[in-house]
Amino acid sequence: MFAFTIRRLLISIPTLLAISFIVFAILDLAPSDPTGNLPLTIPPEVRQQIRDSLGLDEPFPVRYALWLKQFFINEPLNLIEGWTGWQFGDGDRLRVTSWATRSPVVDLIIERLPQTLWVVGMSQVVAVIIAVPIGVISAYKQYSWFDQIGTFVSMVGFSIPTFFTGLVFIVFFSVQLQWFPSIYDTNHEVTDWDSFVFQIKQMIMPTMVLALATAAQLSRYMRASMLDNLQQDYVRTARSKGLTERVVVTIHVLRNSMIPVVTVIALNIPTIFGGAIITEQIFRVNGIGQLLIIGIQGADIPLVQTLTFIFAVLIVLFNLIADVLYGILDPRIRYE
Amino acid sequence: MSDQTRIVAEAVVEEDAPRSLGRDVWDQFTRHKGAMAGTAVFLFIVLAVIFGPLIHTIDPTYSDFRARNQGMSWAHPMGTDNLGKDMLAQVLQGGRTSLLVGVVAMAIAMFFGTLVGVLAGYFRRLDGPLMRLTDLFLALPILPLLLVIIMLFRDTLRSTFGPETGIFLLIVFIIGITSWMQTARIVRGDVLALKEREFVLAAKSIGTPAYRIILRHIMPNILSPIMVSATLGIATAIITESALSFLGLGFPSDFPTWGRLLYDGANFMTITPSRVFWPGLVLSLTVLSVNYIGDGLRDALDPHIRGR
């Protein structure tokens, strides 16, 4: 297992390099000029100095190599220094800076990461809590009314885009019923019980929108996986040795059925981050998805490059995690 | 004997009358209630979008300033927007664009997916590189990349092809080339299995060139998985396009799609909730019905399920 993990890690390096090249090239070859929006009153020599300071006139491979060095060496070292207080070298490293705010991109992302992680993380937990029981009961009572309704609802949840559910939630729960705020207040700090209740209230809608979309998909997988396992011989063995139905279903079948579902959850997480871009935009959560949109609207190329690449890293990482988890959870699978 | 011929043979024994494969598929498809309902809804939406403007003749771009932000009425069944444009007319107009984007993007994705899948499955030498390319594309963060590409190339294409055609070509093309990977994987798997079958061997032994084996013998046998992913591809493409439009990086307001109508309506949803409700409902219904059709097709085209 360890050897396999190491091998997979090594394989993902060229993949990441290729992706970083694509991301860099797309943004770099695009016909847009960061100095194009500056006022025309700026004299040409100052404009040239700005271009030099942004490193725009270097040849393409040099800029790519520089960006790689900044991203893979300078930024991780800075992070480690920040966490542990160790000092590497003189600490004066060239960092990836945002064109719009002139501050290091990584700092911007770290500032916004908690909001995204809270919303995305909670939505995943809620999705699993909703999806697993529905999938289990649907499969156990196949073709019952519960199954019919459950399958239909999950198909609906799977088809309705999150930007529509989000808007419907706002119209219904914030405008009509006035239960929850429609805008996520990030400056809100939890100090006592009331502010905690407010925090829960403002998190409910973005979390539920993401959770419902994920749960719809997960419950379909859960149901299919349960159905596969319920027909296996070991289920008959368990029943014939006199185990109660509850034990057969929850201990024997459920545990086996969770194996593919767990990997689906892992594979889904990067997509959720992508989907969170839309949810964050609807509820004005200032997470990394909104940061990306701001960066795109302001043509802030270093910021967009870094964020897009981080999304790619997430995908590769969670693919790896899914593979490894599959091997750990299912002893029948041997990668060696 | 292959699965399909055996099933047909059994049907002959049971019913004495010869049954075609198409008939079997159709029978199984009509037995799937969801698929039938989906087909009905989808056909209704397509017909409404094509012929609706002939019945509901208000120009979607006409602004009636005396009738702004109106609710539902007989003159304006879905109300009007803040400029007094009729919403039903806009939804119908937007549906044309949305559906067209879905179908064309799906066609592009199917073309690339089938091409890569067949080449990788049939020619052993191409298998490694092409599948690695597929894995690479699967690891790309699609939504952020789409947003970035649109932001960067929108203006150039607009000035070359005009505001409407330019953005249409861009969106259709980038959705198409970022959603072929699943199809390629499925097709490759099927081609790998088909390549070893006797009829392909027979064709090879009489000296049939590779392109003709692929077109004559392999393509007809992989049509069913392609049809299923094509159906589901329409739904995905429509959703992706609306997501882009919803983030303000898709089609412009004067050339709306359902996603764009939602985006424009979101700012006015406290005054006229119907502006959000109707485009969203039509969009969701379309995707839902297409997904059901895909489900039904998958069951109907799967020889293990069909005839049971």
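Buried means under 20% relative accessible area, exposed means over 50%, and partly exposed lies in between (1.4 Å probe, protein chains only). The views below show a predicted model, in which local features need pLDDT of at least 70 and side-chain atom pairs count only at pLDDT 80 or more, while totals for chains, interfaces and linings use all residues. Residues are numbered from 1 along each chain as its sequence is written, chains are lettered from A and ligands numbered from 1 in the order in which they are written, and side-chain values use heavy atoms, with hydrogens and water left out.

**View 1. The salt bridge of Arg239(A) and Glu245(A).** The side chains of these two residues meet in a salt bridge, 2.8 Å from N to O. A salt bridge is a side-chain nitrogen of Lys or Arg within 4 Å of a carboxyl oxygen of Asp or Glu. Glu245(A) is partly exposed at 31% relative accessibility, and Arg239(A) is also partly exposed, at 36%. Over all chains, the structure holds 9 salt bridges.

**View 2. The interface of chain A and chain B.** Here 39 residues of chain A are in contact with 37 residues of chain B, where contact means heavy atoms within 4.5 Å. The two chains bury about 3300 Å² between them, 86% of it on carbon and sulfur atoms. Phe163(A), Phe164(A) and Ile296(A) supply 18% of the area that chain A buries against chain B, more than any other three residues. Buried area is the accessible area (1.4 Å probe) that two parts lose on being put together, summed over both.

View 3. Among the elements that give two or more residues to the side of chain A that touches chain B are helix H6 (162–176) and helix H10 (288–297) of chain A. Helices (H or I, at least four residues) and strands (E, at least two) are DSSP runs, numbered from the N terminus.

**View 4. The two domains of chain A.** Chain A is divided into domain 1 (8–88) and domain 2 (108–329), with bounds from an automatic or database domain assignment. The domain centres, taken over C-alpha atoms, are separated by 33 Å. Each domain gives 14 residues to the contact. The area buried between the domains is about 1300 Å², of which carbon and sulfur atoms give 80%. Arg8(A), Leu27(A) and Phe71(A) supply 39% of the area that domain 1 buries against domain 2, more than any other three residues.

**View 5. The salt bridge of Arg8(A) and Asp323(A).** The count between the two domains of chain A is 1 salt bridge. In the pair Arg8(A) and Asp323(A), the closest N and O atoms are 3.0 Å apart. Arg8(A) lies in helix H1 and Asp323(A) in helix H11 of chain A, so the pair ties together parts that are 315 residues apart in sequence. Arg8(A) counts as buried at 18% relative accessibility, whereas Asp323(A) counts as partly exposed at 27%.
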